[in-house]
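Visitor: Hey, I've got this structure open and I'm a bit lost. Can you walk me through some of it?

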Amino acid sequence: MPRWKTLFSQHLRRSNTVTQALVLSVITFCVILPLCCHRLLYSYYFIKTMYLDSMSEEVLHEGLVRGQDALQFWQSTSTTASSRFSDIAQNPELLVIVVSVQRNEGRDFHYLLQVMQQMSGLLESCGSQRCAEVLVCDVESGPQENQDAKILEDYFKVIRRSSLEKRRNRDSVNTFEREKRDYVFCLRKGWELVQPKNIVVLEDDALPKQDFFTVVKHLLSRTFAFQTLYVKLYHPERLQRYWNPEPYRILEWVGLGLVGATALLLSFSYWNPCSFSFTLSVTHLLFFTLYFMAAIELLGRHYLLEVRRFSPQLYAVSPATECCTPAMLFPGNSSLRAAEYLDGSFCVKGNAKDIVLYQMARTIPGERAHSVEPNLITHIGAFSSVRGNPLKPRLL
Ligand SMILES: CC(=O)N[C@H]1[C@@H](OP(=O)(O)OP(=O)(O)OC[C@H]2O[C@@H](n3ccc(=O)[nH]c3=O)[C@H](O)[C@@H]2O)O[C@H](CO)[C@H](O)[C@@H]1O
């Protein structure tokens with residue numbers, strides 16, 4: 001065949017491949033994914049203008065109903081032996097401390113009651129061998145009472161500061177410093193009272209998921225847990241994307257792209273072995289790796305993480321991410337070190353307790369911190385007790 005003919009047929013084949021790649025990309029990214037994902041809150045295709053307000057209202061309404069149900073639940077529960085968790089054993093394997101303050105905004109949502117209702121269900125499902133001891137740490141030190149904590153007194157042990165400590169704590173510090181001091185108080189008091197082997201601290205709007213105790217138990221059976229200051233059990237869903245600058249996520253992203261592309265190309269080569277030349281496969285591998293990476297990111301990493309719930313062994317442990325402390329595991333006696341670090345810092349807006357802990361774990365030699373994914377709690381607090389709230393809270 002003359003040379004120009006060979007070149008022409010090569011060019012035709014190449015442009016044919018490029019066209020196929022283009023058509024596939026347009027169909028996937030402009031038709032299929034937008035159709036499937038436009039209602040998924042954490043997907044890039046989510047149409048905020050159409051769905052955000054109505055979804056936020058719906059979630060708010062559901063939260064209110066759950067709160068009223070929880071109130072009714074605790075008001076109607078009789079204090080039988082099985083519903084009482086207030087007798088705390090010494091040296092338990094795990095102590096869960098729930099930190100709570102009286103909320104002014106969103107008080108009808110009874111976050112604490114919701115969390116404790118879920119917790120009591122989880123504790124009951126553990127059977128006679130309790131999976132944890134639980135303390136409610138009521139840190140309200142103003143003139144008002146924490147009504148929800150009061151309701152729970154018949155069922156759980158509630159710890160508070162003494163009146164003298166309360167008076168001392170009332171001096172005019174900013175909210176973030178007060179929040180930190182409250183946290184330190186709960187950590188130390190819990191340790192002092194129960195001497196547990198490990199501690200989990202939950203904020204009062206952190207609703208534990210069904211897999212909570214199973215996964216915490218599994219984490220504690222791994223050696224890394226005892227070389228860490230804390231393990232974060234929650235990270236906000238909106239910050240779980242690959243396009244957030246966490247180095248290990250980039251590795252996961254490229255790895256998933258490569259695995260997807262290799263699997264696809266191997267199945268192609270199985271069904272049509274003649275079309276599988278080396279040059280084609282390298283270009284194809286590159287294209288499909290990028291194709292899968294883009295598809296996963298646009299769909300939303302959050303949804304992919306949910307697949308890991310299949311087994312506790314599949315939960316990913318990685319270096320800790322910065323934001324938020326609604327659910328924290330302090331293995332061994334690390335809660336005492338954390339309390340000491342927090343005590344030595346002064347918190348202000350922009351340098352709240354979550355940032356202080358993160359910085360400590362990064363800068364103090366020998367300290368490390370980890371995060372586990374997917375989340376072990378749902379954050380149900382639409383209203384913040386430390387920051388100003390918008391008139392209508394939104395999901396994003
Ligand atoms: C979901 C999320 O992103 N939550 C984070 C956000 O809290 P939020 O702004 O969401 O505030 P929040 O209402 O969830 O309060 C956090 C916790 O602090 C407790 N509390 C509040 C006031 C007080 O004077 N004393 C006290 O102990 C309260 O009971 C709750 O357990 O910012 C905090 C730092 O500022 C923490 O990093 C929270 O994890």
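Visitor: Let's start with T228. Is T228 buried or exposed?
Guide: T228 has 2% relative accessibility. Buried means under 20%, so T228 counts as buried. Keep in mind that this is a predicted model.

Visitor: Okay, and where is T228 found?
Guide: T228 sits in the loop between α7 (212-220) and β6 (230-232).

Visitor: Which backbone oxygen does the side chain of T228 reach?
Guide: The side chain of T228 reaches the backbone oxygen of Y230, at 3.1 Å. There's also R368: its backbone oxygen lies 3.1 Å from a polar atom of the T228 side chain.

Visitor: What else does T228 touch?
Guide: Leaving out residues up to four places away in sequence, T228 touches P331, S334, R337, R368, A369 and H370.

Visitor: New topic. How many residues are in the largest nonpolar core?
Guide: That core has 47 residues. V96, M116, F156, L202, F212 and L233 have the most contacts inside it. Helix α3 (residues 111-125) gives the largest share of this core, eight residues.

Visitor: What about rings? How many aromatic pairs does a search of the whole structure find?
Guide: The search finds 18 aromatic pairs. Take F109 and Y111: their ring centres are 5.7 Å apart and their planes are at 35°, so that pair is tilted. Both F109 and Y111 are buried.

Visitor: And why is the F288 and Y291 pair called what it is?
Guide: The planes of F288 and Y291 are at 85°, with the ring centres 5.9 Å apart, so the pair is edge-to-face. Both residues lie in helix α9 (residues 278-299), three residues apart, which is about one turn of the helix. F288 and Y291 are both buried.

Visitor: Last one. What lies over the face of Y242?
Guide: That's R301, at 5.2 Å from the ring centre of Y242. Over at Y183, K353 lies over the ring face, at 4.9 Å from the ring centre.

Key:
Residues are numbered from 1 along each chain as its sequence is written. This is a predicted model: local features need pLDDT of at least 70, side-chain atom pairs count only at pLDDT 80 or more; totals for chains, interfaces and linings use all residues. Side-chain values use heavy atoms; hydrogens and water are left out. A nonpolar core is a set of buried Ala, Val, Leu, Ile, Met, Phe, Trp, Tyr and Cys residues joined through side-chain atoms within 4.5 Å. Buried means under 20% relative accessible area, exposed over 50%, partly exposed in between (1.4 Å probe, protein chains only). Helices (H or I, at least four residues) and strands (E, at least two) are DSSP runs, numbered from the N terminus. Rings of Phe, Tyr and Trp (its six-membered ring) pair if their centres lie within 6.5 Å; planes under 30 degrees apart count as stacked, over 60 as edge-to-face and the rest as tilted. A charge sits over a ring if NZ of Lys or CZ of Arg is within 6 Å of the ring centre and within 35 degrees of the ring normal. A polar contact is a pair of N or O atoms within 3.5 Å; within protein, one must be able to donate a hydrogen and the other to accept it, and residues adjacent in sequence count only if both atoms are side-chain atoms. Contact means heavy atoms within 4.5 Å.
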